[in-house]
Amino acid sequence: MAATTHPAAAEAPVRGTAIRRTPLERLEYAIIISTLLLMVVLTVQPILNLVAMSLSDPSRVAGMSGLTIIPEGFSLDVWMLLLQHPLVQSGILNSILITGAGTLIGVMGTALMAWGLSRPHLPGRRLIFVLVLVTIVFEPGIIPDYFLMKRMGLLDTYWSVILYKAVNAWYLIILVRFFEEIPEELLEAAELDGANAFQIFFQVVLPLARPALATIALFYLVFHWNEFFRAMIYLNDQGKWPLQVVLRQFVVEGDKLAIVGANNAANNIGVAQINLKALKAGMIIMTILPILAIYPLILKFFTKGTMSGALKG
Amino acid sequence: MSHRFALGFRRWWPYYLMMAPGLIFFLVWHYFPIWEAKMAFEQVRIIPPNIWVGLKHFQTLFSSPVFYTVLANTLIISAMKIIFVFPIPILVALLLNEVRSGRLRKFVQSAIYLPHFLSWVVIAGIFIALLSPSDGAVNQITGFFGAKPTSYMTDGFATRWVLVISEIWRSAGWDSLLYLAAIIGIDQSLYEAAELDGANRWQKIWHVTIPGIVPTIATLFILNMGMFLSADLNQVINFLNDVNRGQIDILDTYVYRLGLRTGEYSLATAAGLFKAVLGMAMILAAHFVSKRLTGKGVW
């Protein structure tokens, strides 16, 4: 055997202190770290570039490079103009309203339903589970959904987007699994104290489930804030558009008039004088800001929620 | 029997009451549309009732050349994503696992997870800026090496790659989390044994880490295959324009345009049902194959 010439043979006895690394190992490590740092740059630079553009002196944005992350001069003109724009103002309010109501209704509906489903002896439990799973597997598509909204008279109302699939099947399953793990003794103790089913749920279960509820709430929050497709097809009235739809109209559809306004464009006043690129950049960053604001929370709860959901899958 | 029922009711009615809102949501928002989908077999009339026409719309659909273009695009884009997007998070997880400093790893993770939480509208906005022929970062870099400015959003074949790369940008970081979780679950003594045998970094990755995450890879691969027919509406609709339509129009965007833009409700519903039924078959197949091979299913 070649064991005698094997480098590990010499190192093996001092395993605990074998931190000394060969130049090759150091090079490998440097390459690994550089690759990861490159990924960080590729992820963050495009966003920082837009931040820089939105904060630059508007007259200097036209020649700005896509590679820089430093503003050319400094000015809040872009932000001021965006924030004064009626579509942006209503967009912010609509997004907050839809996200807030959607999250609240979603969390309550999901928690209440998950609690029932988590009781192993609930009659009809299997049937309800099957009903829920069918919805994951079979989706008849957007046209029947649209007609359902129309038939219920919800088109062009906030309810169409707030209530659309208000209880998410995946989040429901995550909560059911969490509730199933609440120790039976705790519930029995509460029952012996004379608590009824509602009191047990609201006074024992919900406080215990706070981390799980926070996770689900964040799931709904991100979902509703980022939702654009349903809002786009259900809401005709521009005044009801959430920020994502306003952004889409302006940046993706390239509808300059939507943001500049026909009157301003014709007379080249106000917003029309600002570089379009800068306005788009500001609009994108504005739509991301709330996500960035709660990002520390997302990192804390999403990571755990996703991992536990995935591992038990 | 009725006595037992009465007892059951007395015990369980509060639970049903609490479940009622959620159940109603499910029935209304998921089951009514299934009923509405019968439109695919009807002639929609302005004044009801609609007339039953059987499979007529499906015949129209299957004899339309656009349908086959759209189907082909869906399959091509899905295949490109499976081949080029799927492996990246595995590599990212392997790299992250090699980082010795916990702080550095956390820093990298916090940065690369972020795009997962941005909407496709935002991501499309970012990519349109990045790819701008006049001053986008990509054309500046390729221009530095002497290439002519390219308009990636107006060449459908190039836009397909934009779909792949923007998908990597969005999900490679976050999806690595699942693999990282699997790596953390690997028995540490296996690494110690490998070290005793004199294994270097690559040998440890190859002989311990990768075998340890193969079940996770298999599960996620099969589940991805189950989603083959949804090339992601939310993504594609934000990269789609009149010029690149020929190459990136997928089943979902076709249904949307047909139904909600041109008002061909029945035909669009038929196309949607075609996708729903085939998609269901694929997800169920994926679920049972995955359950059998790896013990984990879709749910």
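**Figure 1. Packing of helices H3 and H8 in chain B of the predicted model.** The axes of helix H3 (residues 65-84) of chain B and helix H8 (residues 156-184) of chain B approach to within 10 Å and cross at roughly 40°. H3(B) and H8(B) are therefore oblique to each other, and their crossing is right-handed. On the H3(B) side, the residues that meet the partner helix are B:Ile77, B:Met80, B:Lys81 and B:Phe84. H8(B) meets them with B:Arg160, B:Leu163, B:Val164 and B:Glu167. By class, this contact of H3(B) with H8(B) consists of five nonpolar, no polar and three charged residues.

**Figure 2. Packing of helices H8 and H10 in chain B.** H8(B) also packs with helix H10 (residues 201-226) of chain B, at an angle of about 140° and with the axes 9 Å apart. The crossing of H8(B) and H10(B) is right-handed. From H8(B), the contact draws on B:Leu178, B:Tyr179, B:Ala182 and B:Ile183. From H10(B), B:Thr209, B:Gly212, B:Ile213, B:Thr216 and B:Leu220 take part. The residues of this contact of H8(B) with H10(B) are six nonpolar and three polar, with no charged residue.

Figure 3. Is B:Asp175 buried or exposed? B:Asp175 counts as buried, because 22 C-beta neighbours lie inside 10 Å and the threshold for burial is 20 or more. B:Asp175 and B:Val92 are 83 residues apart along the chain, and their C-alpha atoms are separated by 9.0 Å.

**Figure 4. Helix H9 of chain B and the glycine that follows.** Helix H9 of chain B spans residues 188-196. Of its nine residues, the number buried is zero, so H9(B) lies largely in the open. After H9(B) comes B:Gly198, with a positive phi near 80°.

**Figure 5. The loop residue A:Asp156 in chain A.** A:Asp156 is located in the loop between helix H6 (142-151) and helix H7 (158-162) of chain A. Although A:Asp156 is not a glycine, its phi is positive, at about 65°. How many C-beta neighbours does A:Asp156 have inside 10 Å? The number is 14, so A:Asp156 counts as partly exposed.

**Figure 6. The two domains of chain A and their contact.** Chain A has 17 helices and zero strands, and 39% of its 313 residues count as buried. Among the contacts in chain A with a separation of 6 or more, 68% join residues 24 or more positions apart. Chain A is divided into domain 1 (22-77) and domain 2 (80-312). The C-alpha centres of domain 1 of chain A and domain 2 of chain A are 31 Å apart. Domain 1 of chain A and domain 2 of chain A each contribute ten residues to their contact. On the side of domain 1 of chain A that touches domain 2 of chain A, helix H2 (residues 23-55) of chain A gives the most, with four residues. That side of domain 1 of chain A has seven nonpolar, two polar and one charged residues.

**Figure 7. The two domains of chain B and their contact.** In chain B, domain 1 covers residues 2-43 and domain 2 covers residues 57-294. The centres of domain 1 of chain B and domain 2 of chain B, taken over C-alpha atoms, are separated by 35 Å. Their contact takes five residues from domain 1 of chain B and six residues from domain 2 of chain B. The side of domain 1 of chain B that touches domain 2 of chain B has three nonpolar, one polar and one charged residues.

**Figure 8. The contact between chain A and chain B.** Chain B contributes 75 residues to this contact and chain A contributes 82 residues. Which helix of chain B supplies the largest share of the side that touches chain A? Helix H1 (residues 2-36) of chain B does so, with 18 residues. The side of chain B that touches chain A divides by class into 52 nonpolar, 15 polar and eight charged residues.

How values were computed
Residues are numbered from 1 along each chain as its sequence is written. Chains are lettered from A and ligands numbered from 1 in the order in which they are written. This is a predicted model: local features need pLDDT of at least 70, side-chain atom pairs count only at pLDDT 80 or more; totals for chains, interfaces and linings use all residues. Two residues are in contact if their C-beta atoms, placed from the backbone, lie within 7 Å. Helices (H or I, at least four residues) and strands (E, at least two) are DSSP runs, numbered from the N terminus. Ala, Val, Leu, Ile, Met, Phe, Trp, Tyr, Cys and Pro count as nonpolar, Asp, Glu, Lys and Arg as charged, and the others, Gly among them, as polar. Domain bounds come from an automatic or database domain assignment. Axes are lines fitted to C-alpha atoms, for helices over the stretch in contact, and angles run from 0 to 180 degrees between N-to-C directions. Angles under 35 degrees count as roughly parallel, over 145 as roughly antiparallel, 65 to 115 as roughly perpendicular and the rest as oblique. A crossing is left-handed if the near helix is turned anticlockwise from the far one by less than a right angle, and right-handed if clockwise. A residue is buried if 20 or more other C-beta atoms lie within 10 Å of its own, exposed if 12 or fewer, and partly exposed in between; C-beta atoms are placed from the backbone.
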